[in-house]
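Colleague: I have a few questions about this model. Can we go through them one at a time?

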Amino acid sequence: MIGLKRGQIVRSLLAILLIGLSWWGIFTARAGLVVRSLERDHVPMLYLAPQQGHNAPGVLIAHGFAGSKQLMLGYGHVLAKAGYAVMLWDFDGHGANPTTLKGFELRQNLEVALQGLTEQPEVDHSRLALLGHSMGSGVVMSAGIQNLEQFAATIAISPTGQNVTPQAPRNLQLQIGAWEGGLLPYAQRLLADAGGVNSQFAQGRARELVTVPTVEHITILFSQASHQAALRWLDSTFGRQS
């Protein structure tokens, strides 16, 4: 009985330690950043930007099915630390969003997040980009195709289907995890439909496919290699050096 109680105490202390470390990690990741929680039309949003930011490129970051904005914080923190202003949000029926998910028509949520992003004082409205995972990748690719001149780059992680072309969306990066099974042939077909690999960023026709090692559909979200590949692509698009 005593041994059992000691085991429970140890597990409780470990749980408290892990929770404390998690909060400390969030605190240190956000040091030097502007952090604003917003809500509009029942869409919860989280905005991150560098302090004293001025004319920062803006990036919309969309999560995947059964995910939330919290799962995309790795990209948000890395990009904001590198000088980007980013907006994350919860799609209908996900995270803290109380609206029932009806089908997969989620562009309205993206439009709400876009309005929230462009209202922030740190954001350069003329330099905008998109990043999405899985279901969110389909939403951002659709937005990049239909609003060709508005978004300078689109990053699709674990991509879903869209009618990409050599012209649309502009500056398309595809990412997949090396352990995502049959997704590689599909991503390769998307790349071919988009015109194949090139680095014509000025023309908006740059394309590449990044295979992120030792990750699968969810763990890719926590991969520094994925975060840095996205940052490199955006820096190349906007002519920046982070």
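Colleague: Where is Asp-41?
Modeller: Asp-41 sits in the loop between E1 and E2; strands (E, at least two residues) and helices (H or I, at least four) are DSSP runs numbered from the N terminus. This is a predicted model, in which local features need pLDDT of at least 70 and side-chain atom pairs count only at pLDDT 80 or more, while totals for chains, interfaces and linings use all residues. Residues are numbered from 1 along each chain as its sequence is written, and side-chain values use heavy atoms, with hydrogens and water left out.

Colleague: What about phi at Asp-41?
Modeller: Asp-41 has a positive phi of about 50° although it is not a glycine. Most residues other than glycine have a negative phi.

Colleague: Is Asp-41 buried or exposed?
Modeller: Exposed, because the relative accessible area of Asp-41 is 55%; exposed means over 50%, buried under 20%, and partly exposed in between, with a 1.4 Å probe and protein chains only.

Colleague: And Ser-158, buried or exposed?
Modeller: Ser-158 is buried, at a relative accessible area of 2%. Ser-158 lies in the loop between E6 and E7 and has a positive phi of about 50° although it is not a glycine.

Colleague: Which peptide bond is cis?
Modeller: The one from Ala-168 to Pro-169, with omega near -5°. Pro-169 is found in the loop between strand E6 (153-157) and E7.

Colleague: Changing topic, how do E7 and E8 run?
Modeller: Strand E7 (residues 172-177) and E8 run parallel, joined by 6 bridges; strands pair if DSSP finds at least two bridges between them. Ile-176 has Thr-211 in E8 as its bridge partner.

Colleague: Where is Glu-208?
Modeller: In strand E8 (residues 207-212). Glu-208 is buried, with a relative accessible area of 15%.

Colleague: What does the side chain of Glu-208 make a polar contact with?
Modeller: The side chain of Arg-232, at 2.8 Å. A polar contact is a pair of N or O atoms within 3.5 Å; within protein, one must be able to donate a hydrogen and the other to accept it, and residues adjacent in sequence count only if both atoms are side-chain atoms.

Colleague: Where does Val-197 lie?
Modeller: Val-197 is in the loop between H5 and E8. Val-197 is exposed, with a relative accessible area of 62%. The C-alpha atoms of Val-197 and Glu-208 are separated by 5.0 Å, the two being 11 residues apart along the chain.
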